[in-house]
Amino acid sequence: MPISSTRRARRSTAAVFTLHGAVAGGFATRIPWIREQLDLSAGQLGLALAFPAIGASLAMPLAGRVVHRLGTRAATRVLLVLWCAALALPALAPHPVVLCAALFVFGATAGMADVAMNAQGVEVERRYGRSIMSGLHGMWSVGALLGSAVGVGAVHLGLDARIHLGLAAAVLAAAAPAACRGLLDVRPAPDEEAPPRFALPPRSALLIGVVGMCAVVAEGASMDWSGIYLREVTGASATVAAASFTAFACTMAAARLAGDAVVRRLGPVRTVRTSGVLATAGGLLVVAAPGPVAGVTGFALLGIGIAVVVPLCFAAAGHSGPAPGQAIAGVATITYTTGLIAPTLIGTVAELASLRAAFGLVTAGTVVLVLAAGVLGAPGRGGVVARGGTEVRAELRKD
C-alpha cells in the first residue's frame with residue numbers, strides 16, 4: 001500500500017477517535033440537566049449511569065463479528081454513525097426506566113464503535129510500522145474536551161439539553177461518513193471462520209486486559225473521586241476541587257499526544273514500566289498529601305502515568321494472535337467492565353476504611369503496571385512498533 005494511503009488512513013482514524021470522544025464529552029455536560037429533569041436521587045442517577053458500561057460490556061463481544069462481516073471500514077462507519085445518533089436518546093427519556101434503556105443503547109453503540117475503531121487503529125499502526133495508538137487515544141481526549149466545551153457553552157446559554165444533544169447528534173452523525181472515507185478496508189480471508197456472536201475474551205487478551213484493568217481503575221478513581229478527595233481529605237476549596245477533573249483530563253490528553261514518540265524510543269514494555277513508576281509516585285503523593293497542592297500534583301502524575309497504558313494494551317491485543325478483532329474486543333470488555341466497577345469499589349473501600357485507604361488500593365494497582373508490563377512485549381505482541389521506519393517504508397512501496 002502506498003505511504004500516502006496509509007497516512008490518509010491515519011488521519012481518518014484520528015478523526016474517528018475525535019468524533020467518538022466528542023460524543024462522550026457532550027453527554028457528560030448534560031448529566032445534571034437529565035438528573036434535574038427526571039428528579040433523580042443520587043442513588044437513582046448512579047444506577048442509571050451504570051447502564052452505559054453494562055451495554056458496552058454485553059455488546060462488545062458482537063463487534064468482532066460485525067467487523068468480520070462488513071470489513072473494518074464499513075463496520076467503523078456504521079457503528080460510529082449509530083453511536084453519534086445515540087447521543088440524542090438520554091435527554092429524550094421521559095422516565096428513569098426509559099433513561100436506563102436509552103443509556104444501555106448508548107453504551108452498547110459506544111463499545112462496539114470503540115472496538116471497530118481500535119481494530120482500524122491497530123491495522124494502520126501495523127502498516128505504518130511505528131506506534132500511533134497513543135496519539136489516536138489522545139485525539140479521543142481532545143474530542144472529549146471539545147465536546148464538553150460545546151456542552152458548557154450550551155449550558156451557559158440555557159439551551160434545552162434535548163435541543164443541544166439532538167443538534168450535536170445530527171452534526172456528528174453527518175460528519176462520521178466523511179471522517180471514515182480514508183479508512184483501510186480490511187476484510188477477512190474467504191476461508192477465515194467468523195468469530196462467535198458471544199465469546200469470552202481469548203486467552204491472549206486476558207493478561208493484557210489485567211494491565212489495562214489496573215490503569216482503568218486508576219483513571220476511574222481519579223475522574224470520579226479526585227474532587228471529593230481534594231475537598232474532604234486535603235481541605236481544598238470548592239473551586240480547586242471542581243477543577244481537578246479538567247486538570248486530570250488535560251494531563252492525560254497531553255501525555256497521550258506525546259506518548260507515541262516515547263513508545264518509539266523506549267518500546268511498549270519500558271514505556272508501561274516507566275508509566276507505572278510515575279503513576280505509583282503520583283498515587284503515593286495522593287495518599288500522603290498534606291494539602292491541596294500535593295494532592296493536585298499527585299493526580300497530575302497519575303494522569304500522566306496511566307495515559308498511554310490502555311492504548312498500548314489495545315495495540316498489543318491487536319498483534320497478539322490470529323483474531324485481532326476478538327482480542328481487542330476482549331481487552332475492551334475487560335477494561336469497560338472494570339470502568340463500571342472501579343467507582344463503586346473506591347466508594348465501598350472509602351466507606352469501610354477511608355478515602356486514603358481507597359487510593360492506597362489504586363496505588364497498589366499501579367505497581368502491577370511495573371511488574372506485568374512484560375506481557376505487552378510477548379512474542380507477536382506489539383513488535384511492529386519497534387521496527388525501523390526505513391524497512392517499513394520499503395515494504396509499503398513494494399505493496
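Select Phe 106 first: at 4% relative accessibility, Phe 106 counts as buried. Buried means under 20% relative accessible area, exposed means over 50%, and partly exposed lies in between, using a 1.4 Å probe and protein chains only. The model is predicted, so local features need pLDDT of at least 70 and side-chain atom pairs count only at pLDDT 80 or more, while totals for chains, interfaces and linings use all residues. Residues are numbered from 1 along each chain as its sequence is written, and side-chain values use heavy atoms, with hydrogens and water left out.

**Aromatic rings**

A pair of aromatic rings is described by the distance of the centres and the angle of the planes. Rings of Phe, Tyr and Trp (its six-membered ring) pair if their centres lie within 6.5 Å; planes under 30 degrees apart count as stacked, over 60 as edge-to-face and the rest as tilted. The count by this rule is 5 aromatic pairs. Helices (H or I, at least four residues) and strands (E, at least two) are DSSP runs, numbered from the N terminus. Trp 83 is buried, with a relative accessible area of 2%.

Next, select Phe 299 and Phe 359. They form an edge-to-face pair, 5.5 Å centre to centre and with 85° between the planes. Phe 299 lies in helix α12 (residues 292-306) and Phe 359 in helix α15 (residues 355-372), so the pair ties together parts that are 60 residues apart in sequence. Phe 299 is buried at a relative accessible area of 4%, and Phe 359 is buried at 1%.

**Along helix α15**

Select α15. Its 18 residues, at 1.5 Å a residue, should span 26 Å, and its end C-alpha atoms are 26 Å apart, which agrees. The expected span is 1.5 Å times one less than the number of residues. The buried residues of α15 are Leu 355, Ala 358, Phe 359, Val 362, Thr 363, Gly 365, Thr 366 and Leu 369. They cover an arc of only 155° around the axis, which puts them on the same side of α15. The arc is that of the directions from the helix axis to the C-beta atoms.

**Single residues**

Select Asp 39 in the loop between α2 (31-38) and α3 (42-48). Asp 39 has a positive phi of about 55° although it is not a glycine. At 66% relative accessibility, Asp 39 counts as exposed.

Move to His 137 in helix α8 (residues 133-156). His 137 is buried, with a relative accessible area of 7%. Not counting residues up to four places away in sequence, His 137 touches Phe 17, Asn 118, Arg 256, Pro 311 and Phe 314; contact means heavy atoms within 4.5 Å.

**Cysteines**

Finish with the cysteines. A search of the whole structure finds 0 disulfides, a disulfide being a pair of cysteine sulfur atoms within 2.5 Å. Select Cys 214 and Cys 313: the sulfur of Cys 214 has its closest cysteine sulfur in Cys 313, 9.2 Å away, too far for a bond. Cys 214 is buried, with a relative accessible area of 11%, whereas Cys 250 is partly exposed at 36%.
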